[in-house]
Amino acid sequence: MARIGRKLRSIEGGRVAFKCPGCNMMHQVGVGTGPGPRWGYNGDPDKPTFTPSILVTTGHFVQPNGKHCDKSGDPDWPCDCMRCHSFVTNGQIRFLPDCTHALAGQTVDLPDIPETAA
């Protein structure tokens, strides 16, 4: 992944990634032409805008009919199931209320990605 601007990394296959401050993970979207879903992108790596919204899910949120946090059958096992639903506009990320992290319903600046970040 090569850093482009302060907020994005380019990824093979016409994808770009940004650091999500709600999940503390990189999220990626396809832009331009290519296979798979594609998002509109304003071309500004310092104040990116992507359309439409971005939805990232793991665990039972991927298959809602599945069991919640069914990693080991132990009800005390930590849950890593999550839902992150956002709009990225002019370098800010607006988290929708259906997010499962602490920034749900808030708008914050996208963090800068250090030049050496993976």
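Let's start with Tyr-41, which is partly exposed, with a relative accessible area of 27%. On that scale, buried means under 20% relative accessible area, exposed means over 50%, and partly exposed is in between, using a 1.4 Å probe and protein chains only. Before I go on: this is a predicted model, where local features need pLDDT of at least 70 and side-chain atom pairs count only at pLDDT 80 or more, while totals for chains, interfaces and linings use all residues. Residues are numbered from 1 along each chain as its sequence is written, and side-chain values use heavy atoms, with hydrogens and water left out.

Now, the rings. A pair of aromatic rings is described by the distance of the centres and the angle of the planes. Rings of Phe, Tyr and Trp (its six-membered ring) pair if their centres lie within 6.5 Å; planes under 30 degrees apart count as stacked, over 60 as edge-to-face and the rest as tilted. How many aromatic pairs does the structure hold? There are two. In one of them, the ring centres of Phe-18 and Phe-50 are 6.1 Å apart with the planes at 20°, so this pair is stacked. Phe-18 sits in strand S3 (residues 15-20) and Phe-50 in strand S6 (residues 50-58), so the pair ties together parts that are 32 residues apart in sequence. Tyr-41 and Phe-50 have their ring centres 5.2 Å apart and their planes at 20°, so that pair is stacked too.

Let me zoom out to the fold. The protein chain has zero helices and nine strands; here helices (H or I, at least four residues) and strands (E, at least two) are DSSP runs, numbered from the N terminus. An open sheet of five strands has the order S5-S6-S7-S8-S9, with antiparallel pairing. Strand S5 (40-41) and S9 are at the edges with a single partner strand each, so one side of each has no neighbour in the sheet. Two strands pair if DSSP finds at least two bridges between them, and S8 and S9 pair in the antiparallel sense over three bridges. Gln-92, for instance, stands opposite Asp-109 in S9.

Some totals for you: buried residues make up 30% of the 118 residues in the protein chain. Contact means heavy atoms within 4.5 Å, and among contacts with a separation of 6 or more, residues 24 or more positions apart account for 43%.

What does His-101 touch? Leaving aside neighbours within four places in sequence, His-101 is in contact with Gly-22, Cys-23, Arg-83, Cys-84 and Phe-95. His-101 is found in the loop between strand S8 (92-95) and strand S9 (107-109), and at 14% relative accessibility it counts as buried.

Last, the backbone. Most residues other than glycine have a negative phi, and most peptide bonds are trans. Thr-51 and Pro-52, however, are joined by a cis peptide bond, with omega about 0°, and Pro-52 lies in strand S6. Asn-24 has a positive phi, near 60°; Asn-24 is in the loop between S3 and strand S4 (25-30) and counts as exposed at 56% relative accessibility. Asn-90 also has a positive phi, near 50°, and is found in the loop between strand S7 (82-89) and S8.
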